[in-house]
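Dear colleague,

My notes on it follow.

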Amino acid sequence: MDSVNNTTSPVPSRVKKMRTKLAAFFLMLYRVYAFVMRFFKEVFLPPYEFKEVIRQCYETGVRSFTLITLTGFIVGVIFTKQSRPSLTDFGATSWLPSLVSIAIMKALAPLVTALIAAGKVGSSIGAELGSMRVTEQIDAMEVSGTKPFKFLVCTRVIATTITIPLLATYTAFIALLGGYLNVSQNEGTTYAVFMDQAFEPLTFVDFWASLIKAIVFGFTIGIVGCYQGYNSTKGTEGVGKAANGAVVTAMFLVFIEEVLIVQIAGWFR
Amino acid sequence: MDTAENKRSIIVGVFVLLGVAVFVIGVLTLGGQQKSFVKSIHISSVFNDVSGLKKGNNVWFSGVKVGTIKNIHFTGPSQVDVIMSIDASTQQYIHRNAGVRISSDGFIGNKIIVIDGGSPQAPIVRDGDVLQSEKLLSTDDIMKTLQQNNQNLLAITTDFKSLSHQILAGKGTVGALLADSTMGNQLKQTMRNLQAATQNAANMSSQLNNFSNKMNTKGGFADNVLTDTITFNRIRASVSRLKEAADNATLLTDNLNKASNKLNSTDNIMGVLLNDPKGAAKVQSTLDYLQQSSVKLNDDLEAVQHNFLLKGFFKKKEKAKQDSIKKAM
């Protein structure tokens, strides 16, 4: 086709490259769409791989727990500490619990959890499935009659979709605890007063928005990691690219989703 | 299912359970804050201006959070109907004549609805009641007052400026005081005089103090007057007599007054003599006649002495007189 076009109507090479890139982009979009549709098609159909889902929950959730706890605690302490001078200028340090809770519950908890998970879990899924792809283990599974998509992709995406909201909940709690320790140390605020003030400015819309955000982030991290790994090529180099692509794309999408969900949640306030 | 797999499943189960538990606790805490899981009633109030009040803002009664804003919508031409969800447990304290106003949680805090007032005589508020709204003192109103204060301040400072110019120019009493050295000296002199007067007053006060001390001296007159009952009785008797004398003097004065009044009138001899010129002329002429009569009588008596009938009598009388003088010598 291209050779025919070249001979009949010569097109400048720059436009040709653009067309090729556009075509590749739309093709990639279609593949992603087809991948996601396949996931939704297969996830509800038996057989259900419960054991594998539990194993993946353990790998993605429980194994990330320590990292998430530490990160959440540090985020809570640092955010509280850094916010204090600005509030002190207004003589409003009593607003620290409210400020910290708004920041953590509305944005930081799901976002920090998603970014940590994208780095740890997303890259792990990408690399794992990528290596399985390049070593033709996936092909072997297909040949042997095992449904690799259901076993490898659906279980991992379900696991991330379940565990990341749970991890985000932990992060919120631990970050609030970190904020409380800092506030308690400096202002002498009691735990009851801190929690009362922390939940004061929050609404159920914030709560549900954060939960939905965490679920969407979990799904995104899982599906992106699986897509990158499942479709990796070019041998061992492809494994690295799959891991890297899983992290970068997942993080990028997480931020875009953050903006969209915040916008949508605003309509319900 | 091997042991490791079992262990993994249990850990995942605990992980999920904990996560769900934390989430549920969060939901319940938030629900408690928002009064979502408590029985509530809905009351409303209509405002002309809600100043940015939002759904979910708090409702306070006597400084305690009793509910949240459930809904806000326009009503009438341009008014806003604010529907509040109130905790049913606080219903008994809110009365129908309570006022509702929009306030702020701190100086720059969220807008809140404050329910206050209400008398126990009024019935308790019920679901669907509409409470009377009170006018909000908005930031604009505060700014208007501040602007007025600024204008007043400007006027005052302008007056002060004019005043200071006049003072610097030596006008007015204060200006003259500052500019005129003579007046300054006079003022100094006045101050000295005042100081001297103060000194005198102090001395007088000291003397008064000494005097009062003396009055308190045991056995002194004042002390006796104040403490000795005998002396006091004597003084009282003296004063009583003095009073009688004064009464008599008053009586005497009254009599004298009456007499003098009579002397001033012409209805009595003395008054006529003193006040009536005609009467006086008559008396004068009478006296003149009397004098003339006495002269004539004298002449007549002289003539009688030389009368032969009485001549012997007068010679005997002269001789007896000469004899008594000789005997006395």
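**Backbone geometry in the loops**

With 11 C-beta neighbours inside 10 Å, A:Glu136 counts as exposed, because the limit for an exposed residue is 12 or fewer. Please bear in mind throughout that this is a predicted model. A:Glu136 lies in the loop that links helix 5 to helix 6 (137-144) of chain A. Its phi is positive, about 60°, although A:Glu136 is not a glycine. As background, most residues other than glycine have a negative phi, and most peptide bonds are trans.

B:Ser62 belongs to the loop between strand 2 and strand 3 (64-75) of chain B. This residue has 12 C-beta neighbours inside 10 Å and therefore counts as exposed.

A:Pro47 sits in the loop between helix 2 (13-43) and helix 3 of chain A.

**Helix packing in chain A**

Two packed helices are described by the angle between their axes and the distance between the axes. For helix 2 and helix 7 of chain A, the angle is about 95° and the axes are 10 Å apart. Helix 2 of chain A is therefore roughly perpendicular to helix 7 of chain A, because angles of 65 to 115 degrees fall in that class. On the side of helix 2 of chain A, the contact is formed by A:Arg38, A:Phe39, A:Glu42 and A:Val43. Helix 7 of chain A contributes A:Phe149, A:Lys150, A:Val153, A:Cys154, A:Val157 and A:Ile158. By class, the residues of this contact between helix 2 and helix 7 of chain A comprise seven nonpolar, no polar and three charged.

Helix 3 of chain A, residues 50-60, has as its buried residues A:Ile54, A:Gln56, A:Cys57, A:Tyr58, A:Glu59 and A:Thr60. Which elements cover them? The cover includes helix 5 (96-134) and helix 7 (148-187) of chain A, together with helix 1 (3-33) of chain B.

**The barrel of chain B**

Chain B contains nine helices and seven strands. In chain B, seven strands close into a barrel in the order 1-4-3-2-6-5-7, with mixed pairing. From one strand to the next, the twist averages 35°. Strands of a sheet pair through backbone hydrogen bonds, either parallel or antiparallel.

Several of the pairings can be given in detail:

- Strand 1 (residues 40-47) and strand 4 (residues 79-87) of chain B run antiparallel and are joined by eight bridges. Here B:Phe47 stands opposite B:Val80 of strand 4.
- Strand 1 of chain B also runs parallel to strand 7 (residues 130-133) of chain B, to which two bridges join it. In this pairing B:Ser45 faces B:Leu131 of strand 7.
- Strand 2 (residues 58-61) and strand 6 (residues 111-117) of chain B are parallel, with three bridges between them. The bridge partner of B:Val59 in strand 6 is B:Ile113.

Strand 5 of chain B, residues 98-104, includes B:Ile102. Is B:Ile102 buried or exposed? B:Ile102 is buried, because 23 other C-beta atoms lie within 10 Å and the threshold is 20 or more. The C-alpha atoms of B:Ile102 and B:Gly52 are separated by 9.8 Å, although the two residues are 50 apart along the chain.

**Chain B as a whole, and the interface**

Of the 329 residues of chain B, 11% count as buried. Among the contacts in chain B with a separation of 6 or more, 53% are between residues 24 or more positions apart.

At the interface, 16 residues of chain B are in contact with 18 residues of chain A. The side of chain B that touches chain A consists of eight nonpolar, seven polar and one charged residues.

**Confidence**

The average pLDDT of chain B is 84, and 98% of its residues score at least 70. For the complex, the predictor gives an ipTM of 0.73 and a pTM of 0.61.

With kind regards

Methods
Residues are numbered from 1 along each chain as its sequence is written. Chains are lettered from A and ligands numbered from 1 in the order in which they are written. This is a predicted model: local features need pLDDT of at least 70, side-chain atom pairs count only at pLDDT 80 or more; totals for chains, interfaces and linings use all residues. Helices (H or I, at least four residues) and strands (E, at least two) are DSSP runs, numbered from the N terminus. Two residues are in contact if their C-beta atoms, placed from the backbone, lie within 7 Å. pLDDT is the predictor's confidence in each residue, from 0 to 100. Ala, Val, Leu, Ile, Met, Phe, Trp, Tyr, Cys and Pro count as nonpolar, Asp, Glu, Lys and Arg as charged, and the others, Gly among them, as polar. Two strands pair if DSSP finds at least two bridges between them. Axes are lines fitted to C-alpha atoms, for helices over the stretch in contact, and angles run from 0 to 180 degrees between N-to-C directions. Angles under 35 degrees count as roughly parallel, over 145 as roughly antiparallel, 65 to 115 as roughly perpendicular and the rest as oblique.
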